[in-house]
Structures are given as C-alpha cells and as structure tokens.
Amino acid sequence: MNSLSSCDEEKPGRFDGSFLTENSNRNETADGVCFEYPNHTKIDFLLTYQCNASCAHCITSSNPYRKEWLEKEEVISFLEIARNYGKHYVSFTGGEPLLHLPFALDLIREAKARGYAVFSDTNAYWGGSEKKALSIAQELKDAGLDGLFPSADAYHLPFISLTKVRNVIDACDAVGLTCEINYCPGPDHTLNAQIVKELDLEARGFFSDGLSLNGNDVEDLKSYFPKRIPAELHDIGSMHLGVSPRGDCFANVDISYDNKEFEGTPFSLGSIRREGIEEVLTREAGDPLIRLMQETSPAIVDAHLSADPEHQEWYNSLIATREYYSSTEYWLELFHSDRKEGLKRTLRDLQVKNDTPRGMSA
Ligand code: SF4
C-alpha cells in the first residue's frame with residue numbers, strides 16, 4: 001500500500017503535465033475493475049504489515065521487520081460470515097500480500113469457493129524472470145484470482161526493478177489475468193517519464209488517487225499533490241471495509257500502521273479479535289453515517305452542510321473553503337471537530353431520510 005488513499009486503486013490516468021490535478025481524485029468516470037462493485041460489498045484485508053521493501057511513501061510503514069499477520073482462519077471465517085452481509089468483492093493487500101505465496105493462494109481459493117470476486121495488490125517482487133513471473137501468474141489465476149494490481153513508481157524502484165514489474169504485467173497478459181497498475185508520481189519528472197515509458201502506461205493506463213496523510217512520510221508528496229475544497233471532492237473509493245493485520249476493522253481502507261486518526265470516529269468498527277466478526281459487520285451495516293460515506297461524495301455533503309441551519313455558519317466559515325488532499329482527510333476533520341456530535345446526528349438523519357437501509361444480505 002502506498003501513500004495514496006485507496007480503492008486500492010483510482011481513476012485511470014494518463015501522463016502529461018496536468019495528470020496530477022486531473023487524476024488525483026476518484027470520480028464517476030473511473031473504470032477500473034474495483035469500481036464495478038459498490039463500496040458496501042467490498043472488503044480489503046491487509047494480510048500483513050510485513051514487506052520485502054520499505055518505500056519512503058508507504059502508508060502502512062511496512063518493512064521486512066514487521067511481524068503482524070492476520071491468521072488464515074480469521075480471514076476464512078470473515079469471508080464466510082461476510083457473505084451474509086452482502087460482501088462479494090475481496091482484495092488482499094498489505095504490506096506485500098504475496099510474500100508467502102502458498103498462504104495467499106489458499107486464501108484466494110477459499111474466497112473464490114465462497115463466491116467472491118478476488119483481487120490482490122503486489123509490489124511484483126516475484127517477477128525476477130519471465131519464466132518465474134509466468135508460472136506464478138498462472139498459479140494465481142488457477143487459484144481463482146480475478147485481477148492483480150501491481151505497484152510501480154519511483155518510491156518502489158530502490159527495491160523492485162522495473163524489469164520485474166514489466167515481467168509481471170506481461171505474465172498477467174499472457175495468462176489472461178486482469179492487471180491494473182497503481183502508480184504514484186514522484187518528484188523527479190524525468191524518472192516519472194521513464195517509468196511511464198518503460199511500463200507503457202500511456203497506452204495501458206494507470207491508477208492514482210488522492211494523497212493520504214495517515215501514518216506515512218508524505219512531506220515530499222505534499223508539495224505537488226493537489227488539495228481541493230470540499231465542493232470539489234468526489235472520491236468515495238476509500239470508503240469500504242478494511243481489516244488491519246492486527247484484526248482492527250475500519251469503514252475506510254486508508255489503514256496505516258497505528259490508525260490513531262480513526263480512533264473515536266465512525267470509521268472505527270472494532271476488532272475481530274475483541275468484539276468478533278459478526279459485531280464488526282453488524283456495526284458497519286447498521287450505521288447510516290457509514291452508508292452515507294460509502295455512497296455520497298463530500299461534494300454533496302458539503303452542499304447540504306453549507307445550507308443546514310444548525311451548522312452553516314460554523315461550516316461555511318471553517319470548513320467549506322479549506323482544502324483537503326482526500327475525502328478521508330475531509331471526513332476526519334469533521335469527526336475530530338468540536339461540532340462532531342451534532343454533525344454526526346445531522347448526517348445520520350439525512351441518510352435515514354433519503355435512503356432505505358440495506359438488508360443484511362442485500
Ligand atoms: S511495496 Fe508497498 S507495502 Fe511494501 S513498503 Fe512499498 S509501498 Fe509499502
């Protein structure tokens with residue numbers, strides 16, 4: 001997982017001077033495979049915080065020394081129970097979710113056997129030769145994987161060569177596995193252009209996203225990622241269920257290493273190891289505010305709050321003209337404000353008025 005707030009992926013991009021401002025936030029024109037699934041049907045499992053790389057921009061601060069992993073039985077139980085809550089898309093991420101390949105292959109098979117569409121991120125470390133990449137891509141496909149999202153950018157390069165990524169892309173194409181590239185621009189435009197050229201991203205497309213400020217070193221990225229006022233934030237790609245390698249669950253997949261920013265907010269759903277899987281899923285399904293975040297962009301919420309008699313004076317003077325890197329940052333600002341209880345009440349009422357709660361097995 002890199003520093004980009006996540007679907008895990010975003011709108012297809014193209015590489016020219018304006019791509020950051022045009023493509024750094026999700027909008028309705030996105031056509032990556034993960035956008036074919038409504039947010040309330042999706043689960044992202046961060047299988048581990050461990051990774052064989054340690055990229056400077058990593059949202060989860062992953063590295064080879066991290067020890068946290070979800071247990072296989074935890075993931076399988078979650079997949080089983082979550083079908084009763086309408087889940088049918090699963091994505092494995094991390095850390096590097098394919099670090100222990102047999103473990104990942106077992107989970108892909110278990111998810112597929114339960115009717116999920118199954119996807120995985122990877123940093124493409126396993127693409128050392130064309131032959132090896134082809135063999136592993138075939139194993140992934142045979143296990144039931146529907147699509148792979150390799151990451152490639154300047155931050156990964158000290159650890160993962162472009163040749164490996166190229167081999168993985170070619171192997172996916174050869175075995176008929178959907179392959180969508182997660183790309184994060186770096187500060188060196190010459191290097192960016194080289195990566196785009198070598199991976200043929202102009203023709204192939206890539207996915208990028210708004211900048212996530214959670215947990216990682218983003219000072220470099222802050223200077224050239226765009227910020228937007230709430231009326232221009234259309235991204236809801238991150239607003240689906242994420243499970244951390246410690247078993248903590250969030251109604252947002254921008255999961256970091258400590259997740260302190262989510263504490264005490266509606267994003268925090270509890271732990272499968274403390275509260276249990278049913279409790280977490282019931283909390284997610286039962287909160288109208290989570291439904292609102294999954295279905296409604298900050299731009300629409302902004303229009304409502306800026307005209308709401310209870311909040312408009314405060315909102316218009318403090319929030320409406322501020323700029324945010326992502327929808328997650330906007331929501332966290334509301335949830336940590338001294339108006340949070342009133343805001344949550346107002347927005348829950350809004351959702352209940354405008355929507356029919358989903359059935360538990362919608
Ligand atoms: S490869 Fe991905 S998970 Fe690993 S350190 Fe880099 S950004 Fe983080």
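Visitor: Which residues of H3 are buried?
Guide: The buried residues of H3 are Leu101, Phe103, Ala104, Leu105, Leu107, Ile108 and Ala111. Buried means under 20% relative accessible area, exposed over 50%, and partly exposed in between, with a 1.4 Å probe and protein chains only. Helices (H or I, at least four residues) and strands (E, at least two) are DSSP runs, numbered from the N terminus. This is a predicted model, in which local features need pLDDT of at least 70 and side-chain atom pairs count only at pLDDT 80 or more, while totals for chains, interfaces and linings use all residues. Residues are numbered from 1 along each chain as its sequence is written, and side-chain values use heavy atoms, with hydrogens and water left out.

Visitor: What do the buried residues of H3 pack against?
Guide: They pack against helix H2 (72-82), strand E3 (89-93), strand E4 (117-122) and helix H4 (130-143). Contact here means heavy atoms within 4.5 Å.

Visitor: And what follows H3?
Guide: Glycine 115 follows, and its phi is positive, near 90°.

Visitor: Turning to E4, is serine 120 buried or exposed?
Guide: Serine 120, which is in strand E4, is buried, with a relative accessible area of 1%. A polar atom of its side chain lies 3.4 Å from the backbone oxygen of phenylalanine 92. Leaving aside residues up to four places away in sequence, serine 120 touches several residues, including Ser91, Pro97, Leu145 and Phe149.

Visitor: What is the order of strands in the open sheet?
Guide: The 8 strands run E6-E5-E4-E3-E2-E8-E9-E10, with mixed pairing. E6 and strand E10 (268-271) are the edge strands, each pairing on one side only. Two strands pair if DSSP finds at least two bridges between them.

Visitor: How many bridges join E2 to E3?
Guide: There are 5 bridges between strand E2 (residues 42-46) and E3, and the two run parallel. Isoleucine 43 has valine 90 in E3 as its bridge partner.

Visitor: Last topic: which residues touch the most other members of the largest nonpolar core?
Guide: Phe45, Phe78, Leu140, Tyr330 and Trp331 do, out of 90 residues in that core. Another core, of 10 residues, lies apart from it and has Ala53, Cys55, Phe225 and Tyr325 among them. A nonpolar core is a set of buried Ala, Val, Leu, Ile, Met, Phe, Trp, Tyr and Cys residues joined through side-chain atoms within 4.5 Å.

Note on methods
A polar contact is a pair of N or O atoms within 3.5 Å; within protein, one must be able to donate a hydrogen and the other to accept it, and residues adjacent in sequence count only if both atoms are side-chain atoms.
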